[in-house]
Amino acid sequence: MMDAKKFVESIRLVVRDRAIRDTIANLENPPGRSPGPNLVALSEWAMSLSESAAAHMAGVIELAVDTAVFGFLCVLDGSRAIEPASGEAGSLVLEYRSQSERVTLANQDDVTLLDYY
C-alpha cells in the first residue's frame, strides 16, 4: 500500500538519485548529436577537474538536488506558499490512486512528507 513514507522513498530513488546520476553523466558525456554550448563548456570544465575537485562538484550537485526536492516537498506539504503573499491562499492535496486504493499523501492539514525526507 502506498503511503507518505513510500512516496518520499520513491521520490528519493526516482527523482533525487536519478537527477544526481543524470547530471553527472551529462557532464561526463553531453547527450545528443549537438549539445548546447553551455553544456559543452560545463562538460569541458568538469572533465578538467582533479579527482578531489570532481568529488566536491558531485557534492554540490547532490546538495542542489536535495535543496530542490526539499523545497518541492515543502510546497506539497503546504509549508511553503506558491502564491503571492497577498490574496486568497489555496491548498494542495496530493493523492495516490491505483485500481485498488486511493490514499491522501499530503495536504495542508497533515504535514508529513518532510519528516520522511
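1. Arg16, Asp17, Glu62 and Asp66 are joined in a network of salt bridges. A salt bridge here is a side-chain nitrogen of Lys or Arg within 4 Å of a carboxyl oxygen of Asp or Glu. One link is between Asp17 and Arg16, whose side chains meet at 2.6 Å, N to O. Arg16 is buried, at a relative accessible area of 11%. The cut-offs are: buried, under 20% relative accessible area; exposed, over 50%; partly exposed, in between (1.4 Å probe, protein chains only).

2. Basis of the values. This is a predicted model, in which local features need pLDDT of at least 70 and side-chain atom pairs count only at pLDDT 80 or more, while totals for chains, interfaces and linings use all residues. Residues are numbered from 1 along each chain as its sequence is written, and side-chain values use heavy atoms, with hydrogens and water left out.

3. Overall form. The protein has four helices and two strands. From the N terminus on, the order is α-α-α-β-β-α. The protein is more spread out than a compact globule, because its radius of gyration is 18 Å, well over the 13 Å that the globule rule gives for 117 residues. The radius is taken over C-alpha atoms, and the rule is 2.2 Å times the number of residues to the power 0.38. Helices (H or I, at least four residues) and strands (E, at least two) are DSSP runs, numbered from the N terminus. Along the principal axes, the C-alpha atoms fill a box of roughly 50 × 40 × 30 Å. Buried residues make up 25% of the 117 residues.

4. How many salt bridges does a search of the whole structure find? The search finds six. Among them is the bridge between Arg18 and Asp22, at 3.2 Å, N to O. Both residues lie in helix α1, four residues apart, about one turn of the helix. Arg18 is partly exposed, at 45% relative accessibility. Asp22 is also partly exposed, with a relative accessible area of 33%.

5. Glu95 and Arg97 form another salt bridge. Their closest N and O atoms are 2.5 Å apart. Glu95 counts as partly exposed, at 29% relative accessibility. Arg97 is exposed, with a relative accessible area of 56%.

6. Surface patch. Leu13, Val14 and Val15 form a nonpolar patch on the surface. Together they have about 290 Å² of accessible area. Areas come from the Shrake-Rupley method with a 1.4 Å probe; for residues, only the protein chains shown count as cover. Patches are made of residues with over 30% relative accessible area and no salt bridge; like charges are joined within 9 Å, nonpolar side chains (Val, Leu, Ile, Met, Phe, Trp, Tyr) within 5 Å. Leu13 lies in helix α1, which spans residues 4-28. At 56% relative accessibility, Leu13 counts as exposed. Val14 lies in helix α1 too. Val14 is exposed, at a relative accessible area of 62%. Val14 and Ala89 are 75 residues apart in sequence, with their C-alpha atoms 30 Å apart.

7. Ile20: buried or exposed? Ile20 is buried, with a relative accessible area of 11%. This residue belongs to helix α1. Ala58 is 38 residues from Ile20 in sequence, and 7.9 Å away in space, C-alpha to C-alpha.

8. Arg12 and the ring of Tyr117. Arg12 lies over the face of Tyr117, at 4.6 Å from the ring centre. A charge sits over a ring if NZ of Lys or CZ of Arg is within 6 Å of the ring centre and within 35 degrees of the ring normal. Arg12 is in helix α1. Arg12 counts as partly exposed, at 28% relative accessibility. The C-alpha atoms of Arg12 and Arg97 are separated by 20 Å; the two residues are 85 residues apart along the chain.

9. Aromatic pairs. The count comes to zero. Rings of Phe, Tyr and Trp (its six-membered ring) pair if their centres lie within 6.5 Å; planes under 30 degrees apart count as stacked, over 60 as edge-to-face and the rest as tilted.
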